Amino acid sequence: MRTLDLALISVFAPLIIAVLLIIVAPLRRAGRAAAALSVGGAFASVFASVALTLARLADNRVPEIFETTWLPEAGKSAATIGLQIDGISAPMLAVVSIVAFCVQVFSLEYMADENDEDYGRYFTWHSLFLFSMQALVVAPNILQLFCAWELVGLCSYLLIGFYYKKPSAARAALKAFWVTKFADLGLLIGLIVQYAAVGTFGWDAETVAKLGALGVVPVAVAALYFLAVMGKSAQFPLHVWLPDAMEGPTPVSALLHAATMVAAGVYLIVRAYPIFQAAPQVMVAMSVIGGVTAVFAAIVAIGQNDIKRVLAYSTCSQLGYMVAALGAGSLFGGYFHLGTHAFFKAMLFLSAGSVIHAVHSNDLSHMGGLSKKMKWTTLTFSVGSLALAGFPGLSGFFSKDQILESLWEGTHRDPLFWIPFLACLATVGITAYYMSRVVFLAFFGKLGEHAHHAHEGGIAMRLPLLILLVPTVIGGLFGGQFLGLLALPEVEFHLTHVTPVGVVALVLAFGGIGLGYVLNMTPAGAGLASATAPVAAFIEYGAVDRFWLGAYNLLMMALSRVFAWLDRYVVDGMLNGIGAGALTAGEWLRRFQTGRATDYVYVVMLGVVGLTIWSQFAALVGGSR
Amino acid sequence: MAFPILSFIIAMPALAALIMLFLPDEAKTAVRTIAVSASIASLLGAIWVVREVLARGPATFHFEERYNLVPSLGIQYLVAVDGWGASLLLLTGIITFAGAVASTTLENRPREFYIFLLGLVSGVFGVFVAQDLFVFFLFYEIAVLPMYLLIGIWGSTGKVKSEGPFAWAMDRLDVGGKEYAAMKLTLVLLGGSALILAAMLGMYQAGGHTFDMGQLAKVSFSPRLQWWLFPALWVGFGALAGLFPFHTWSPDGHAAAPTAVSMLHAGVLMKLGAFGVLRVGMVLLPDGAQQWAFAVGTIAVINIVWGAMSAMAQKDLKYIIAYSSVSHMGVVLLGAATLTVNGWNGAMFQMFAHGIMTALFFSLVGLIYERTHDRWIPNMGGFAKVMPLTAAFFTLACLSSLGMPGTAGFVAEFLVFLGAWQSANSWWAVPGGIGALVTAVYVLRGTRDIFWGEGPPEKFAHLTDAGFAERVSLWTLGTTLVVFGVWPRLLLDLIDTATPVYLAALQAHGAGVTP
Amino acid sequence: MDVRFYLSLAAVLFVTGVYGILTRRNAIGIMLSVELMANALNLNLVAFGRYGAGALGQVFAMFSIALTVTEVVVGLGIVVLLYRSRHDVMVNLASEMKR
Amino acid sequence: MNVPMLVDFQPLLPDLVLLVGALWLLILDLLMPHGRKRLMAGGAIVTLLAAAAATWLYDPIGTVWGGAYLGTGLAVFLKRLFYVGGAVAVLGARTHVNEAYARRQGEYYLTMLFSILGMSLLTGARDLILLVVAFELMSIPLYVLTAFPRDDKRATEGAVKLYLVGAASSATLLFGLSLLFGLAHDTSILAIATHVQAHPSPLALVGAAMVIGGLGFKIGIFPFHMWVPDAYEGGHTPFIVFLSALPKIAGFTVFIQLLLARNGALATMALAPLLVLSVTTLIAGNFLALRQSNVKRLLAFSGVSHVGFLMLALLTRSELGLGMLLFYGVGYVFTNMGAFLVVHAVKNGGGGDDSIASFDGLVRRNGWLAAAMLAFLLSLAGIPFMVGFWAKLFVFLAVWEAGFYGLVVFGASISVLALFYYLRVVRAMFMNPPANEAVIDVDPVTNTAIVLCLLAVVGIGLYPGPLYDAARVAAVGFIGN
């Protein structure tokens with residue numbers, strides 16, 4: 001099959017399903033049938049995108065771009081839409097579709113309790129999301145990427161708000177939408193600035209060369225783009241929406257808020273990397289913000305008792321890694337971590353979903369000792385945690401190593417890179433700690449109160465976990481091939497390459513795991529752990545969240561009331577004043593219509609006298625002229 | 001002679017109204033059938049025109065019809081259509097159809113309602129194809145006036161608290177009542193037309209005693225004259241487009257108006273104003289447009305932010321939508337002020353997009369109001385459970401409103417902001433974008449408050465979802481919104497045939513425009 | 001004698017007539033005042049005829065007198081009606097319609 | 001000495017037809033039994049139409065009486081307007097007159113015919129004496145007609161006010177004219193204008209001021225308008241149909257003759273006060289109308305404001321302006337007559353007291369009347385496809401061309417204010433619930449008159465070209481002479 005056909009299938013198969021389900025209401029309401037269609041669409045997408053990736057692996061010389069005019073400008077083309085298949089988009093297509101497929105299959109059982117209508121709706125949005133994400137990945141220019149970017153945001157809104165009857169879910173959906181929408185303004189204005197400066201929305205060498213020659217413009221553009229990245233990829237201080245987004249169904253969290261959608265920000269950086277490279281100042285800032293996010297989110301994750309929120313903060317933290325790496329100039333490190341993280345974090349979330357499905361609670365304190373009841377899940381969650389912590393041999397180990405290495409190299413160029421470097425290094429230990437905490441609290445120790453009736457899910461829930469387990473374990477081994485796709489000749493990747501930084505990280509990781517055991521599985525440590533909880537809680541719902549809430553209340557709510565009051569009582573008031581004034585004047589004038597004939601004659605005579613006097617006066621003035 | 005398709009489109013609604021004039025009051029079914037048929041006929045005509053204009057290619061006017069009305073004054077009935085006009089014909093056709101269908105549920109004096117409504121529609125069609133300033137003005141007035149009766153008779157009354165420095169005036173005028181709203185709307189809009197008239201006469205006199213817009217476009221009016229005439233047209237037409245600070249008729253008027261009237265008024269009539277600013281003001285007075293561009297754009301930006309912020313504080317459903325119209329019409333005016341191809345394309349596209357979107361909004365609001373007899377959002381909640389289709393379309397309208405890609409609203413706003421940045425005053429794009437953000441906040445909050453949450457309150461538990469006629473209307477508008485958002489070239493190719501021509505003329509006349 | 005003398009007299013007469021209209025409440029009195037005004041202008045006409053305009057002034061005056069008479073006749077008729085409806089000829093009593 | 005032949009009177013042929021017809025009717029009225037007097041209306045209409053026909057049969061152009069009467073295109077145009085308008089007024093009044101004054105109805109039409117004869121003579125009066133005589137010939141019957149309902153207190157009150165103000169005003173007018181005459185030593189208007197132009201003097205200004213004041217009464221400009229609402233409210237509506245329309249135009253005819261002669265010499269002299277008067281008239285008329293609750297008073301004040309527009313057209317002192325004044329006059333006459341006829345029909349058929357409230361729910365009591373009234377009100381307001389729209393537009397056009405840009409903006413804005421009170425009536429008719437559901441019947445004759453007015457209003461509104469051209473042609477060459 002030709003590349004175009006495959007790309008079309010990979011992007012449009014989910015769309016066709018989504019449109020079908022949206023328009024044909026009975027089909028959607030049938031529930032099971034809708035789900036089957038959706039999973040089928042996802043599978044088609046998996047098939048096509050894997051085929052594309054394999055084709056790329058075989059031959060990665062020229063990017064293939066198919067595009068057509070979308071917006072005309074004076075007869076010419078101002079913007080195109082299309083498909084760009086190259087070494088960057090193809091593997092991402094595969095990652096997205098595989099994770100999405102797994103999540104959808106998992107959902108078949110996880111969401112089975114919903115009524116048919118909601119079930120159908122759920123899968124409709126999933127199909128729409130998959131399309132949007134694929135369209136984002138294959139975007140040949142930043143405008144299409146932006147469109148798809150907004151669409152995935154929309155799907156996120158719809159899926160977080162899936163339980164729309166729950167006020168907290170409704171609030172979370174809005175918060176997620178608003179925060180990301182705010183950040184997206186950066187992307188929107190950035191791409192407008194770019195277009196106004198160079199006349200295209202592309203990221204090709206020619207465009208970047210033109211842009212680079214414009215002094216401060218590339219810095220502005222890159223900074224604006226990065227603002228959007230901060231929103232979408234939940235970078236500090238715009239991360240506030242991500243933990244709340246856990247109000248959505250757990251598979252949604254796995255797909256959107258862990259593996260794919262939040263990674264779109266990172267993908268944007270990867271995609272538009274030449275533009276960022278033209279703005280070195282932004283790169284440094286990016287790295288610093290990424291590092292700060294990584295360590296901040298990790299610290300907050302320590303104190304969480306909701307298993308999903310731990311994972312959410314962990315996602316935040318890991319995205320910080322990626323951003324920090326990209327800022328340090330390591331395209332490979334950041335992007336590679338995106339891929340590995342997508343698999344193991346999706347697996348972690350689905351495992352968590354499996355646990356939640358079993359114990360009907362998110363709270364870690366309700367769990368405990370689940371390893372006795374749920375062996376498969378224990379395995380996948382533990383392996384995922386180890387991968388996250390950077391256990392040697394697992395996928396996370398390799399990608400994280402790349403990141404730390406690149407940051408270390410960064411410190412040689414610019415001392416500012418010490419901040420992300422040290423932050424990320426510390427995060428390795430903290431990550432190992434909080435993940436081991438979760439594993440110990442949930443799966444080991446004594447049986448939790450809700451855990452007695454827990455049991456493993458059916459095949460639909462287990463199969464996706466197992467599928468995802470494979471890349472989690474062996475994904476790192478394919479770093480070389482991945483590097484080949486990116487066509488970065490100057491970067492090297494070795495499976496057995498020991499560096500001082502790597503050793504330090506390894507020590508920290510093991511230290512973290514050990515600490516996790518001591519603090520959570522021994523009585524002595526428990527007290528210490530609970531002492532840190534308030535600190536973490538303070539940081540979580542502390543200054544940052546209050547800042548945004550305050551901004552919302554003050555800038556939006558309070559100010560809007562001022563505007564509305566002014567509009568009603570001053571702007572409109574003046575109009576009313578004129579109207580009522582005219583009426584009053586009319587009323588007042590009427591008093592002179594006394595109804596007495598002699599008064600009328602009086603006025604007539606006054607008029608004549610007035611006229612006479614005026615005409616004499618006018619003649620006088622006119623005569624003297 | 002070719003078939004006078006434009007006159008056909010204009011005449012169909014008027015003809016239907018004329019027929020209804022002679023029907024008895026009781027013939028409700030016949031009245032509805034005639035009204036919907038006429039709207040379909042006009043819509044089909046409009047679609048055919050759009051197709052033909054696309055096929056016949058750019059630059060010139062098509063389907064010209066010319067008859068003398070007052071030959072010695074050079075007043076003639078002259079209609080013709082270009083890309084701009086055709087796109088707005090299509091808009092009017094769609095909304096008229098949707099409005100006529102949605103109004104079939106009206107039980108109170110439907111015959112008179114349709115007579116006024118269709119009379120108004122004829123006027124609107126006329127404005128969009130008029131190539132003679134005079135005919136333009138004529139149709140413009142016709143389109144404005146029936147609104148008074150439509151709102152006054154079939155409207156709904158709200159209550160507004162009197163306070164602030166003008167409380168005395170508000171008490172006096174019964175602010176919030178439907179008669180008040182109808183009167184304010186009529187007076188402000190016709191007040192605007194007084195200015196238009198003056199400017200028109202100025203052009204007539206200085207332009208060699210002709211009202212022919214094609215002729216006037218060739219005339220080089222002195223910059224000083226243009227400096228005077230342009231603001232008259234801008235404010236005059238702008239009043240109808242919701243130009244700040246003359247926009248306050250819009251929230252009250254739209255809140256008071258019945259469903260189909262709000263649909264048509266916010267959907268089409270406000271575009272008449274913006275179209276006037278663009279087609280008459282800017283195209284015929286290029287110097288004036290350039291001299292005043294800064295003011296036009298800056299006020300438009302104020303419009304965007306002011307409208308959005310005011311909408312945010314509203315608790316009355318109709319007021320939210322009405323203020324959002326004020327905000328979105330600011331986008332149109334901003335696009336016009338940019339004097340760039342993208343800006344003008346965007347302005348025209350926004351007219352279409354906002355027209356469809358706001359018509360959808362108002363049909364939904366009307367649908368809700370018809371069932372609840374309540375517009376107060378805090379009384380609502382959880383409606384999605386009982387009226388899922390309504391909820392879905394409401395969300396769709398919200399998305400277009402906040403500029404979600406994939407809906408027509410995005411394309412329009414994007415082009416306008418792009419044009420704004422390319423214009424001499426790049427900063428316009430920033431408050432424009434902020435307006436879009438604020439829109440996202442208030443529309444989605446509204447959606448949540450109305451549709452989300454645990455089930456509807458007790459008294460609204462019996463609500464039913466959209467009926468057949470309403471569904472036809474919703475699907476028509478909703479589909480249009482998405483189709484044109486996904487593939488904007490359906491319309492943009494059309495608009496883009498006219499824009500560069502006008503803009504080139506403007507720049508040829510003008511002194512210093514941004515390249 | 002100068003024409004200005006006649007003109008001044010006419011002006012005085014005219015103003016007297018106006019004053020009469022404004023101060024009289026009785027319809028007959030008002031009619032008399034109107035007559036005074038009419039005579040003032042007739043005086044004007046005749047004076048102008050004498051000083052320059054010739055016979056034309058007299059002719060004009062004749063017409064004017066005739067017209068005034070007709071007017072007064074009609075006016076008296078109206079006064080009669082007023083009396084019939086209100087049993088009085090005080091004009092300002094008839095001020096039912098106003099504002 | 002030449003013996004005047006009939007052919008010398010050719011420009012006055014229509015007037016002669018009218019005079020002969022009126023005299024013939026006078027005799028007929030004496031002979032006719034009471035039971036058949038309703039035929040008098042037909043006779044009056046035939047007379048008027050015959051006179052109108054005469055304007056078409058012969059070209060009544062030329063001078064009579066040594067230049068005292070000058071038949072011009074303008075005169076012909078106005079004559080036709082007066083005759084046709086008069087015929088419609090007679091038609092509209094017929095039923096009512098037949099019912100209310102069965103025995104005296106002959107007098108009614110006769111008086112009206114003589115008043116029209118006065119107007120008709122005014123159209124060509126170029127000599128002060130003829131002007132004055134014609135003016136009084138028009139005015140005096142109006143006093144009579146106002147007081148025609150003998151037993152109606154309000155009508156009498158209206159007549160008293162009209163008469164008193166009228167008598168004082170005509171004395172003022174004559175006084176002013178006498179001064180002008182004395183200055184020019186000539187009764188020829190042309191001579192006076194020429195003289196005043198050549199030798200401006202304070203006395204001439206006094207004379208002009210008094211003339212304007214005296215005539216201002218007739219056309220009802222501010223502040224000489226105060227009798228207007230009372231007379232309208234008191235008088236019987238079928239007569240107000242006539243009074244509100246034709247005499248005003250006739251008053252303007254005098255204005256035109258006096259002020260526009262010799263390129264508007266007198267008007268130019270007093271331009272500033274006149275402009276101020278027009279503007280204040282527009283303001284006062286509109287503002288006073290805002291809060292009226294009686295439709296007739298409302299229409300009276302609206303009429304005052306329309307006079308303001310006519311004044312603006314006059315003050316352009318251009319041929320275009322004069323032509324547009326004529327067009328406006330035609331529109332005003334038929335619109336106003338139509339509106340008052342509807343008011344009459346509503347009161348007659350539905351009881352009520354002419355208040356706006358008596359129009360409540362008219363659309364459900366008689367849809368046709370409501371629709372007609374809507375058309376008339378919209379025409380008064382100047383809304384397209386009604387004659388009033390073109391009238392306003394053309395006047396604005398002329399005013400703009402004359403360079404009074406600010407006045408155009410002002411006039412257009414104030415006409416928006418006018419919409420407020422017109423819409424109050426519309427609101428009552430269409431939005432308010434009716435006081436009772438009884439259908440309002442209109443007799444066919446009155447209905448015919450309404451239809452005729454409506455045809456004029458809508459017909460000219462749809463196709464104004466011919467009337468515009470006629471008005472332009474009529475105005476050609478007038479100003480310079």
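Buried area is the accessible area, found with a 1.4 Å probe, that two parts lose on being put together, summed over both. This is a predicted model, in which local features need pLDDT of at least 70, side-chain atom pairs count only at pLDDT 80 or more, and totals for chains, interfaces and linings use all residues. Residues are numbered from 1 along each chain as its sequence is written, chains are lettered from A and ligands numbered from 1 in the order in which they are written, and side-chain values use heavy atoms, without hydrogens and water.

Q: What area do chain C and chain A bury between them?
A: The two chains bury about 1,000 Å², with 64% of it on carbon and sulfur atoms. Of the area that chain C buries against chain A, C:Leu22, C:Asn92 and C:Arg99 supply 57%, more than any other three residues.

Q: How many residues of chain C are in contact with chain A?
A: Contact means heavy atoms within 4.5 Å. By that rule, 14 residues of chain C are in contact with 13 residues of chain A.

Q: How many salt bridges are counted between chain C and chain A?
A: A salt bridge requires a side-chain nitrogen of Lys or Arg within 4 Å of a carboxyl oxygen of Asp or Glu. The count between chain C and chain A is 0.

Q: Why is chain C called more spread out than a compact globule?
A: The radius of gyration is taken over C-alpha atoms, and the globule rule is 2.2 Å times the number of residues to the power 0.38. For 99 residues the rule gives 13 Å, whereas chain C has 16 Å, well over that value, so chain C is more spread out than a compact globule.
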